[in-house]
Amino acid sequence: MLYLQLFFEFAKISLVCVGGGYASMPLIQKVVVDSYHWMTLGEFIDIFTISQMTPGPIGVNAATFAGMKIAGVGGAISATMGFVTPSIFLCIFLAKLIFKYGNLGFIHGILNGFRPAVIALIAAACVSFVLLAVWNVESLPPENSISENVKFLISNIQFGIIILIGALFAVRKKIGVIKILIFSGLAGLILGQIFKG
């Protein structure tokens with residue numbers, strides 16, 4: 001029963017996921033963290049991180065790892081198949097449609113309308129990820145005003161902000177992704193020990 005539920009939930013995500021793997025992250029988060037409470041936000045962000053580091057599309061990787069965490073190997077297969085099955089048929093259909101009618105103005109209008117929505121989906125996921133990665137909180141206290149939330153964040157700065165700034169600097173210097181990930185992991189290990197002690 002859980003396998004079928006995983007298949008259909010990830011199939012629904014795949015049907016409405018426009019804009020690539022990063023746009024699917026808030027949708028997967030809503031299902032596995034918010035709706036069914038199959039995992040915590042921290043566990044989901046760990047899955048998101050591993051999904052970026054492993055070869056293959058990030059959305060498929062996230063579905064596989066989430067399914068594995070929720071229901072083992074069968075869950076991984078069910079979630080992955082659910083995520084890719086609608087995409088196969090949609091891609092074939094849309095490819096035929098775009099090649100046949102792609103030069104029509106209304107098609108361009110629809111695609112232009114999707115772009116801002118995709119950015120909003122990715123930005124929504126980023127807010128949750130930054131709060132947990134840098135300040136180690138899943139959300140801001142809802143009753144606080146904006147100024148109180150800013151004070152709260154400033155007073156609760158974790159070592160994650162140091163790693164974030166270092167990683168942004170490394171990206172600007174065009175240092176390779178693998179090196180950034182390795183050094184960020186090592187920095188997290190070292191700073192975590194320092195801040196614990």
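Student: Is L111 buried, partly exposed or exposed?

Tutor: Start with the scale: buried means under 20% relative accessible area, exposed over 50%, and partly exposed in between, with a 1.4 Å probe and protein chains only. L111 has a relative accessible area of 36%, so it is partly exposed. L111 sits in helix α5.

Student: What ground rules apply here?

Tutor: This is a predicted model: local features need pLDDT of at least 70, side-chain atom pairs count only at pLDDT 80 or more, and totals for chains, interfaces and linings use all residues. Residues are numbered from 1 along each chain as its sequence is written, and side-chain values use heavy atoms, with hydrogens and water left out.

Student: How many helices and strands are in the protein chain?

Tutor: Helices (H or I, at least four residues) and strands (E, at least two) are DSSP runs, numbered from the N terminus. Here the protein chain has 8 helices and 0 strands. Its pattern along the sequence is α-α-α-α-α-α-α-α.

Student: Which residues make the nonpolar surface patch?

Tutor: A patch takes residues with over 30% relative accessible area and no salt bridge; like charges are joined within 9 Å, nonpolar side chains (Val, Leu, Ile, Met, Phe, Trp, Tyr) within 5 Å. Areas come from the Shrake-Rupley method with a 1.4 Å probe; for residues, only the protein chains shown count as cover. The nonpolar patch here covers about 870 Å². V18, F93, L94, I98, Y101, L104, F106, I110, L111 and F114 make it. The elements giving two or more residues to this patch are α4 and α5 (105-135).

Student: Where does α4 bend?

Tutor: Compare two local axes. The bend at a residue is the angle between axes fitted to the seven residues ending there and the seven starting there. For α4, the bend is about 145° at A71.

Student: How many salt bridges does the structure hold?

Tutor: A salt bridge is a side-chain nitrogen of Lys or Arg within 4 Å of a carboxyl oxygen of Asp or Glu. The structure holds 2. One joins the side chains of E9 and K12, at 3.3 Å from N to O. These two are 3 residues apart in helix α1, so about one helical turn separates them. E9 is buried at 10% relative accessible area, whereas K12 is partly exposed at 49%.

Student: Which residue forms a salt bridge with K69?

Tutor: E43, with the closest N and O atoms 3.3 Å apart. This pair links distant parts of the chain: K69 is in helix α4 and E43 in helix α3 (residues 41-53), 26 residues apart. K69 is partly exposed at 48%. E43 is partly exposed too, at 28%.

Student: Which residues is E9 in contact with, leaving aside its neighbours within four places in sequence?

Tutor: Contact means heavy atoms within 4.5 Å. With those neighbours set aside, E9 touches V31 and Y36. L27 lies in helix α2 (residues 21-35). Its C-alpha is 8.9 Å from that of V16, 11 residues away along the chain.
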